[in-house]
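Visitor: I have a model to go through. Can you walk me through it?
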Amino acid sequence: MLASLLQAQNYDINSLLLQIDEAIGQSPQVTADYEREIDATRQLFLEAKRPQEQYQHAIRLYEQYKSFMNDSSVYYLEQAEQAAKLQGLVAQVGYCRALKAFQCSTVGAYDEALAFLKSIDKQQLDSIGLRHYYQSQMHVYGELGYYSIIPAMKDHYFGLQNVYRDSLFAMIDHQEQDYMMYKIYELQGQNKMEEARELSDEWVKRISPDSRDYAIAAYYHSLVCENEEDTEYWLGQSALSDIRHAVMDQASLLSLADILNRQGDLERSYRYIRFTWDCNNRFNTRMRSWQITPILNVIEKNYQKAADRNTRILTTSIIAVSILALLLLGLLLFVHHRNRQLAIARNALKESNDELEVANRQLATQKDELSELNVKQSILNSQLSESNHVKEEYIGRFMSLCSQYIDKLDDYRKFVNKKVKNKEFDELYRLSKSTELKEKELEELYENFDSVFLNLFPTFVDDFNALLDPETQIHPKDENRLTTEIRIFALIRLGIEDSSKIAEFLHYSVNTIYNYRARIKNGALNNRESFERRVKLLGLL
């Protein structure tokens, strides 16, 4: 009965794609609502006084961020670990480290993941912590095995994955979602597709389509489908659920875009891949970027092929119009010499004119389509060019600064050597206590950052102030320097959105950065929730 139901659903793929299109259109509002939920939890965390409350709110923030913004999920796991340490809760400390390892392996940070797992004494874990410890070990070794290019290492990593999977299976209920998910993956790897499909059918029946977990169940169901039509349907169901729940770690929509591209639905494929790319930038994972880029290149090539095809059609139309014009001329000469057939010739001329008008309308439509394709290709090329130019500029300045710092360190070594040689220890002690050197170097770092950024985006300050109320606009005293507030949003313009990373670069606390961002957004014109998204579009190279 389930098979017949699924088959019936497969025939409504077009309706499902329309629902996905509608969900993508509503995504900014869904994301804004989700961010408000996170802000409410963050406020509880900031107001918490006792370590126990801080731990609970930090874990809640991790849960909210883990499929939304990876850097922030890891940050709040760090906060939860610190709160657990203050309480002397060794098991909870290990639990937090296991979760951090899983998040790191999700974005390809395998060394960090293994380091976190190595720091855990599993003898001190409770059942929940041990479960996540096995789960993280299994995940990181599975990822290493999947991406390894050396057969012996691949077999080694997959062997370790299987060991930890067996340990996990031994301690969890076989009716749980985690067991079904990993068991389906195991059966698929063993080519036991019929068993995998039966287990997947059972799993899908248990999950409500409104549940956040439905996306996972539908995605794994797509992996064991017998034909592409079923695969497309279940990928669509998974992608729809992800979008409606503000999930930024998109996998299903990426695979669906690839299928649509192969089917020739270039317009929809392009929209889906761009949406996936934007979600990936928010989640911040290198692995998904590596997966998206080849598909994006294929879509771009298909666009070019479509443009070439339209050019050929245009050429054919011009030839056809020319032929029609010659026929019309011949017809006029024939009418001139055949006055007795004037009525018949007039009817023929009218029919020819009608055909010419249809051909012209088709030609105009094809020109519009070609223009639209060229605009989209130009936008994509501009974005790629900007990204490459920013990387080249900052890499060049980084190499220059490294060289300068090496020279400075050597000069300082010679200076200290001279002082030691002259036994001027009091002078050395005075210099070592002073923070003047650090402040000077920080000021030089910021000056270099401001110089490079304003060189790349010379209109950024004016464009940024245009988004603010006149009373809250910020005008640097020096036109070649940025204020701290503008510098924060300059980093956001470069793609560094996480407050912890911004705080680390500017040597402020995370709360200070958060307050700066909140204060500036409060002074924004129009919608403050979309302020940072609009900042990312500011400035011209």
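Guide: A definition to begin: a polar contact is a pair of N or O atoms within 3.5 Å; within protein, one must be able to donate a hydrogen and the other to accept it, and residues adjacent in sequence count only if both atoms are side-chain atoms. This is a predicted model, where local features need pLDDT of at least 70, side-chain atom pairs count only at pLDDT 80 or more, and totals for chains, interfaces and linings use all residues. Residues are numbered from 1 along each chain as its sequence is written, and side-chain values use heavy atoms, with hydrogens and water left out.

Visitor: Which backbone oxygen lies 2.7 Å from a polar side-chain atom of Ser238?
Guide: That of Ala215.

Visitor: Where is Ser238 found?
Guide: In helix α12, residues 228-244. Helices are DSSP runs (H or I, at least four residues), numbered from the N terminus.

Visitor: Is Ser238 buried or exposed?
Guide: Ser238 has a relative accessible area of 1%, so it is buried. Buried means under 20%, exposed over 50%, partly exposed in between (1.4 Å probe, protein chains only).

Visitor: What does Ser238 touch?
Guide: Ala215, Ala218, Tyr219 and Ser252, leaving aside residues up to four places away in sequence. Contact means heavy atoms within 4.5 Å.

Visitor: New topic. Which residues of α6 are buried?
Guide: Tyr110, Ala113, Phe116 and Leu117, in a helix spanning residues 110-118. They share one side of α6 because they cover an arc of only 125° around the axis. The arc is taken from the directions from the helix axis to the C-beta atoms.

Visitor: And what is exposed on the other side of α6?
Guide: Asp111 and Lys118.

Conventions: Helix = DSSP H or I, 4+ residues; strand = E, 2+ residues; numbered from the N terminus.
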